[in-house]
Amino acid sequence: MLASLEPWLHPVLIVLALLAIGFAILNFGAVKRILIGRPMRTKELYAKHTKLLWYVALPVLAADLYSSVAYGPEAGMTELAGLGDSAKWLILPITAATVSLLVILITSYIMGIIAYPDGGGAYAIAKDNFRRPWASLVAASALLVDYVLTVAVSVSAGIQAVSSAYPQVIPYETTLAILCIFIILLVNLRGVAESASIFAWPTILFMISMMTLIFAGFLNELRRGFHQAATPPLGVLPAGLTLLLALKAFSSASSALTGIETISNSVPVFRDPHQKNAIKAYIGLGVITGITLLGFAWHLYVQGISVNPDNTMLSQLAGLYFGHGVVYQIIIWSTFIVLILAANSTFTGFPQLAALVAADGFLPRALTIRGDRLGYSNGMLVLAALASLLIEVFHAETNALIPLYAIGVFLSFTVAQVGLVRRWLRLRQGIWPVKLAINAVGAGVTALVAIIFAVTKFTDGAWIVIVVLPLLVALSAAVHRHYEQIGRELAVDLAEERPETHSVISIVLVSGVHRVVLNTLSFAQSIHTNVIAVYVGFDEESIERMKKQWEAWGSPCKLYTLKSEYRSLLRPLSLFIGTLERIEGGPDRVHVIVPQFIPRRWWHNALHNQTALLIRLWLMRNRDVVVTTVPYHLHQ
């Protein structure tokens, strides 16, 4: 039956989509109110109901980091899959090293929040501790790239988690991933507090699911032993293992640490005292993530789970403990949802950071504008568009995106750590040697991971980030130079410069004698006495007819007629304006007034030429020409 419906199903869907788009355009305000919600007053920005309690913010902002446990250990083991079963035990030291790095980074970011309570993360730290802006721009560019890739990687990983359980979904992974981004965008456009109330519970469900999986693993091992038939030998170094390969596996596994900076960049969304509440969220996040990573890796080792591109390690382990029943389905679907929601936390961090950078003049200032629901909606739209483009280009392949993902993450980590090292050396207050040691170690480790990724994953796509980051820094510097140049040019000397009058002539473009021209001439003569009319004809007959009508109308002002042998309005009009400007004692400003009628129904525009728009665009090139459009709204 479906086969018989398919030939005409797609055309019907396309027609329905076009009708929906048309309705949305015609009723934009109503549709926007339904999708986004009522506009909020600026003063509500500081109201309690728009801020988050720390235990509500934890599952929302933690989704980015915590969801990484679903693919971080697997990413590390994928690098060692070619070494055979003897390499499976290496998941334990690799995960232990990852958790150690997690502790260092969370400790560092807590110190960053204490030092910079207004948020901003690595960007704020670098901005304060480096004299030149390049360091803060590197940190900001790396973080912004990280946020875009977070959305792409998380959504792609979520879709892959579902396709592991339902292989029939595989052909539609890219389409479903982009659809998920669109849904997350809509929810976030409704505001941070509202998205938190929607997205907190799925993250909590995933946390419970992972703890249930770990608990089930220990029950299994208590019954069957901690060393089972499938458990690989411990401590045997596989043939072919090199230091570079081990470091490559560690760096890939460290992708589980992406998202740590989200809380530090989003400190302002916490309720007061926002600094203390952000620290509580960091501690809770570190504890639950560390326990989950270690427990998950241990059970993967005991059960001897192998990397399978068509079935994730999480899916294999859950299927081993629970079969493919209800609990398995809950784990798979909660994994899918939380990986999607990892992108949601980014919709808080990216706009906040972009607004900070834009406020300093390094990004377009449109990113500092708050939308109806007080969020930085322009930043959200940019994030959704870039992430969707990446997913389309890489066909929602998580492993193809991770090399791009991790370099920016660890580069921003490194900049933040080095910035804090410089801060402690400058201030030398309290227990600064301890803080210095923590951040110095963190800087060394994160820099090493970033270098390993850049070298080992260069041909796999890491070169894109290596090229893009300097371009983003250069672009940001160019934007800043532009704003500075504009500021210098627009500055007014308040003591010397005053408004001055000009000799102005108003030109009304007429196409005949009708009500639209009457409306425009009435406006022109109301604001100025020096008014002339200009008519461009394509032949002598039309010009003579226009002169007779003008005389019959009583010649309300002087009429100039121009002949265009090439049927162009623009060239003769430009020549006429140039002649006026060159006349000795003539005007130093020309005011061109363009009549335009506005149809009652939008589709009527297709029945009329858009000459007025073309004339405006053409004349705007002239420095001393001012263009005004006088609309006349048709009643029928």
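Modeller: A salt bridge here is a side-chain nitrogen of Lys or Arg within 4 Å of a carboxyl oxygen of Asp or Glu. The model is predicted, so local features need pLDDT of at least 70 and side-chain atom pairs count only at pLDDT 80 or more, while totals for chains, interfaces and linings use all residues. Residues are numbered from 1 along each chain as its sequence is written, and side-chain values use heavy atoms, with hydrogens and water left out.

Biologist: How far apart are the closest N and O atoms in the salt bridge of Lys 547 with Glu 544?

Modeller: Both residues belong to helix H20 (residues 540-552), where they sit three residues apart, about one turn of the helix; helices are DSSP runs of H or I, at least four residues long, numbered from the N terminus. Lys 547 is partly exposed at 34% relative accessible area, a class lying between buried (under 20%) and exposed (over 50%), with a 1.4 Å probe and protein chains only. Glu 544 is likewise partly exposed, at 37%, and the closest N and O atoms of the pair are separated by 4.0 Å.

Biologist: Which residue meets Lys 127 in a salt bridge?

Modeller: Lys 127 lies in helix H6, and its partner lies in the loop between helix H14 (326-359) and helix H15 (377-394), so the bridge ties together parts that are 233 residues apart in sequence. Lys 127 is partly exposed, with a relative accessible area of 45%. The N to O distance is 2.8 Å, and the partner is Asp 360.

Biologist: Which side chain makes a polar contact with that of Asn 129?

Modeller: Asn 129 falls in helix H6 (residues 121-129) and is buried, with a relative accessible area of 5%. Beyond four places in sequence, its contacts (heavy atoms within 4.5 Å) include Tyr 116 and Gly 419. A polar contact is a pair of N or O atoms within 3.5 Å, where within protein one must be able to donate a hydrogen and the other to accept it, and residues adjacent in sequence count only if both atoms are side-chain atoms. At 2.8 Å, the partner side chain is that of Arg 426.

Biologist: With which residue does Arg 426 meet in a salt bridge at 3.6 Å, N to O?

Modeller: Arg 426 is partly exposed, at 45% relative accessibility. The side chain that meets Arg 426 at 3.6 Å is that of Asp 128.

Definitions and conventions: Helix = DSSP H or I, 4+ residues; strand = E, 2+ residues; numbered from the N terminus. Contact = heavy atoms within 4.5 Å.
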